[in-house]
Structures are given as structure tokens and as C-alpha cells.
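I am opening my notebook on a new structure today. Come along while I look things up, one entry at a time.

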Amino acid sequence: MSSENDDAWPIVHVPGRPPVPPEQQLTVNVVAAQIEQPKLTNTIIRRLSQIAPLEDLHHVKRVKKNCLEGGKIQLSVILCLAPENGDFDGIPCDVKDVIGSYQLSPFVAKVCKYAALSKEEWVEQCKLWPTSYHQPTYNISGITGFSEEDSQSIVSFMKYALELSKSHGNVVVNAAAIVDPLSNQVIAKACDEVCSWQTPKTEVGAECSSSTKSSPEMTGCIEHESCLQRCSSGGPQQVETSISCLHPRWWVDEQTHRISSFWHPLRHAAIVAIESSAARDRRLFPDVRYRDEATREECILSPAKSQAKRQKTDGTDVDNDDKNYASHGNGDLSSKPYLCTGNDIYLVWEPCTMCAMALVHQRVRRVFYAFPNPSAGALGSIHRLQGEKSLNHHYAVFRVLVPQDILNKAKTSITGS
Amino acid sequence: METDNIASGERFSLEVLGFMQLAIDQAKLALDNLEVPVGCVIVEDGNVIAAGRNRTNETRNATRHAEMEALDVLLVQWQRTGLTAAEVAEKFSACSLYVTCEPCIMCAAALSIIGIKAVYYGCANDKFGGCGSILSLHSSSSEACISNGNSGSKSFKCCGGIMASEAISLLRDFYERGNPNGINGDQPF
Ligand SMILES: [Zn+2]
Ligand SMILES: [Zn+2]
């Protein structure tokens, strides 16, 4: 974005609902009334919050204050949501009682339906009816911008994920890396295992630990972006369809399965990474109650899986930190992690609905992805799970944009000009 | 709750109730193992061919819901007998799932990726439900990008409210006892 810095990888917050111009925010109608005797305000509000709480409008202030000429203050209060047909007969009886006993004159007012995402939105909202504007209530840094150091670390982990997705040779797959931002370490990594349920042939190089790493080769993202461009222009080719989250039903047509290797339509990169982080969790913080049973079940149900796991454990790069953790964590149950609380995940492509919900279940803190998923993405493209209020956990979502000059170069080299 | 179970004996066939009872047995098994009590069975041609129950506490993997467990059993089994992907897809498209609680958004998406024929569930899942409560993934097939129609997801028939009160009372039992590891799985309340 900034022309002076060609190496910039902008990190953009993907909010829980589509951004709209501040003056085009959705509104809902409420019934309000002026309070003629300011002394009664507290009594009225207390009564109303009991009989007509504004459940989905916590960001809306109950009382509006207008300064009239001569310094006089006029107060209005929201009585309740407006009845659907707009007919005041539909006002709840309890509220009618309040209207009657304080001789209020109800009128319809508009308030903004959703809490403001930005200061600009908030300023516009307050022109209708005052709302409160909070920085996001959950403790997730980055929504209001990243420090230089954080940005560097995020970009280097995204580059790590891009490298990972190249490790399948000619087949382009999605890749996921779960990161503990406190130690700046990758605690689990995975690629799609939809067509071959085994560990990737080429291992990614040295453990990525943030800012010190030099910029890796960019051919990976060039391939990704060019295949993405071809996909959106409608040319179906094997290389694009192999990205599980983009084409979840592709497994049905896949012809290249060898008898010897297991395949699994649901082993998308994020799902495999979660499995791997859970396995690490069990290894570092064993629970005697389950140990024997778990091992037995694993052998009976999926020999391929336990085999893959053994290979992974033999590999050296993911779990270098395990010994340190184990020595700290031994017998100290208070340090036992709860799922992926506090962890971030880096994905090359925006996850599909299954993967996005899996990340909610596993309590991931932040999701970073490089490329959107226009056919099945659940974090901005088709759905926005990060904005589903009913869910019991919410992560923050960011897109890390691959620099435009790199993409331009990719285009030029593809067309051969 | 979206549906009530008062007249279940009249509304649902004995066959449906019988399979749901087996799913409830799986949920009880989960409860005995200190897991959120949700269970399921997969039925093909009137026969139960797989069963599953929640394993989120044991595995510390909050995605190990009953549905995922049961699907994994079949995927391994069918591949061992040498079925191709197309044959496996064909088989799934003739299978029904009976599960004690409405599939969550993740499982509903997984079931549409797998291409299951139908889902019968017990209680609704007001927090995470992917078959009508929060999202309606059973009815929203998408076929973007590729013309052969196998790129997106497949819709499936869905029917809820079967023996819902039994499913709910198991979940109540669990939360009254206290969740040992606190990994909530499909907690619908
Ligand atoms: Zn996915
Ligand atoms: Zn589920």
C-alpha cells in the first residue's frame, strides 16, 4: 500500500460484519419518550431495564441528552423496541403502565443496529441516537494496529505457511501453522491431507522464529496467486482444485489415490494442525486416566494415523520446544494449556466453514490468512463466523496481503512477456 | 428449543426412534467417560454401520465430536476394503445419521462435504447449530468455480426434535456433575 515501502505486507483486520459506509449503517426502530421531570429519570430507567431490557442493543444508550438553547437540558429515554407493525398497541403492557403513570408521549426513533466498528461509524451513529464505542471487549491485540515488531513477526509466520504449502511438489495445498505468540514458536503445522494422508515429503527448513528470518523465496506465493487468478477466471485445473478449503467436494473426483495411501475428505490443513497441537498437548501434559485407552483406540481405528504420527514424532523441527515445555510443565497442572487459547493460526487460504468452526471450538485467538476463498470461505467471503454472536468464543481475523509488486512480477513471468 | 418431543411417539416412526435410542446409548457412553454426552449412529439400508460419541476431553481436541468419530470409522473401514473415492461418496449418499444433538456448524459442514443423505437429530443446538439454529448448512449447497458440481458442498435432508428431552436430560446430568476438563464440545445451552 505505501509506495515508499515495496516490501510491505499490509495486515488488514477482517471484521465480523461487512464494512459499510458510516452513513449507511443498519438501524432499528425503538419507542422513545421525553422525560419532562429529570428527577424521575433514574427511577424510570431502573423500571425499564427490568421490564424491557434492550437485549441486542447493548451498545445503545438508554437516555439521550439534548442541550437546548439557554443551557436547558432535554432528556429522552428508550422505552422498548418498536412493535413490528409500528402500532403502539403492540407495546408490552408493563411499558404501557410506565407510559401511563409518568404521562409520557411515546414517539418512534431510530438507533443503529450494530455496535460501531470504528470511530467514524460511532460519530455517525450518535447523530441518530447516542451509542457507546468500545475498543473490542476481548483482549486481542492488533485490531487497532500492530507494532513494527508484531508486524514483522506476523509476516514471517505467514511466509512460513506459504513455504509449507509448497512442500507438496506440484500439488498446491492449503497449509496451517499454529503459533504460540508468547514464545514465538510454531507448535503445530500441517498441510491438506485430503488425497494423501501422510506427512509431506519435503520438510520446511529451519524453525521459523520471527523477525530474524530473512525473506524466503517468493515462488510459492507466485504459484498460489496465479492459480487463484486462474480459478476465479473459471479455468478448472487439477492444481487449483487440490486446495481442500476452496473445493471441499473435490475429493469425490480425485483419481490419483494410490491403494497404499489413505485419503480423507475432511483432513483439511487446519483440522490436521489442530489434531497435531492436541497430540502435542497430550504428550507434554499426559493424563494417566486416558493414556492406555487412547493408545489402544488409535491403533484399532486408524493404523495409518498412528503411523503418520510416529513419523512426525521422529521428525525434528516441530517439537524442538517440547523438552523445554515438559521440564517446566512436569507435574504442574496449572500451566497445562486449555486447547489453543492464546494461540494464533496462519493459513495460506481463508478457511472453509468446517475449518473456521473447528478453530472456534479449539479456542484459537487470532486467524491470519493470505488469500481469500471466494467459493467456500467462512471468514469474510461466504460466511463471517467471527461475527456470529451466538458462538461462545470469538477470534479476531486478519488478512495478510502479499505485496502487489510480487504479484505483478508473477503475472509477467506467467504470460511470458 | 425449536421442537418439542411431547408427541414423539406419534410423529416419528418406530424405526427412527429405535436408531435414536442407539444414538442416546452412545451419548450415555460418553457421559460414563466424562465427556459431553452427545452420540450418534450411521445407518445404511436399515443397518447401523458405525457409531460415535464425543471425545473432546480425552483427546484435548475440541473437534472430536461424535459425528467426526463415526465418519472416521467408515472412511478407514471402506478404504481398507479397497473402495475408491467415488464408491465411498456413493455409499455416503445412501447413509443417514442419527445424532442426539443438532450437528454444530463444523459437523454440518463436514456432513455436506461427505455428502450424507439425511440427518435426524434430537435437541436443537442454539449456540452452534449448523442445521437451522445458527446457519442452515444442510440446505445451502454451493457449486461455485467448477462446472462438474463437485466443488462446493451437498445439501442433505434434516429432521429434528426426535427424543429431544432424553438428549437434553443427559446434557443436564453432565453439567450438574461438572465438566472435568471443561472442553465443551456440542454444548447446546
Ligand atoms: Zn477447510
Ligand atoms: Zn459438531
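**Entry 1: the zinc ion in chain A**

Before I look at the metal, I need a definition: a donor is an N, O or S atom within 2.8 Å of the metal. I note that this is a predicted model.

Which residues coordinate the zinc ion (ligand 1)? I found A:Cys245, A:Cys352 and A:Cys355, each through SG, and A:His268 through ND1. These atoms sit at 2.1 to 2.3 Å.

Next I looked at the angles. Four donors count as tetrahedral if all angles lie between 85 and 135 degrees. Around the zinc ion (ligand 1) the four donor atoms subtend 103 to 120°, so I can call the arrangement tetrahedral. For my own reference, ideal angles for four tetrahedral donors are 109.5 degrees.

I also wrote down the spacing of the donor residues in sequence, which is C-x22-H-x83-C-x2-C.

Are these cysteines buried or exposed? A:Cys352 has a relative accessible area of 3%, so I list it as buried. A:Cys355 is buried as well, at 0%.

**Entry 2: a methionine in chain A**

I then stopped at A:Met354, which belongs to helix 11 (residues 353-361) of chain A. With 0% relative accessibility, A:Met354 counts as buried. I looked up its distance to A:Pro248: the two C-alpha atoms are 9.5 Å apart in space, while the residues are 106 apart in sequence.

**Entry 3: the zinc ion in chain B**

What coordinates the zinc ion (ligand 2)? Here I found B:His65 (ND1), B:Cys104 (SG) and B:Cys107 (SG), at 2.0 to 2.3 Å. Their spacing in sequence reads H-x38-C-x2-C.

Where do two of these residues lie? B:His65 is in the loop between helix 3 (56-59) and helix 4 (66-80) of chain B, and B:Cys107 is in helix 6 of chain B, so the pair ties together parts that are 42 residues apart in sequence. Both B:His65 and B:Cys107 are buried. For B:Cys107 the relative accessible area is 0%.

B:Cys131 has 5% relative accessibility, so I count it as buried.

**Entry 4: strands of chain B**

I started with an overview. Chain B has seven helices and five strands, in the order α-α-β-β-α-α-α-β-α-β-β-α along the sequence. Chain B has 189 residues, of which 61% count as buried.

Then I picked strand 4 (residues 118-123) of chain B. Six of its six residues are buried, so strand 4 of chain B is largely enclosed by the rest of the structure.

Which strands pair with strand 4 of chain B? One of them is strand 3 (residues 95-101) of chain B, in the parallel sense over five bridges. In this pairing B:Leu97 stands opposite B:Val119.

**Entry 5: aromatic rings**

How many aromatic pairs are there over all chains? I found twelve.

One of them is A:Tyr346 with A:Phe368, a stacked pair with 4.7 Å centre to centre and 10° between the planes. A:Tyr346 lies in strand 8 (residues 344-349) of chain A and A:Phe368 in strand 9 (residues 366-371) of chain A, so the pair ties together parts 22 residues apart in sequence. Both A:Tyr346 and A:Phe368 are buried.

My other pick was B:Phe19 with B:Tyr98: the ring centres are 5.1 Å apart and the planes are at 50°, so this pair is tilted. B:Phe19 belongs to helix 2 (residues 14-32) of chain B and B:Tyr98 to strand 3 of chain B, so parts 79 residues apart in sequence are tied together. B:Phe19 and B:Tyr98 are both buried.

Last, I noted a cluster: ring pairs link A:Phe146, A:Phe157, A:Tyr346, A:Phe368 and A:Phe398.

Note on methods:
Residues numbered from 1 in each chain as written. Chains lettered and ligands numbered in written order. Predicted model: local features only at pLDDT ≥ 70, side-chain atom pairs only at ≥ 80, totals over all residues. Heavy atoms only, no water. Donors = N, O, S within 2.8 Å, 3.2 Å for Na, K, Ca; no water. Tetrahedral: all angles 85-135°; square planar, octahedral: opposite > 155°, others 65-115°. Buried < 20%, exposed > 50% of the residue type's maximum accessible area, 1.4 Å probe, protein only. Helix = DSSP H or I, 4+ residues; strand = E, 2+ residues; numbered from the N terminus. Pairing = 2+ DSSP bridges. Phe/Tyr/Trp six-rings, centres within 6.5 Å; stacked < 30°, edge-to-face > 60°.
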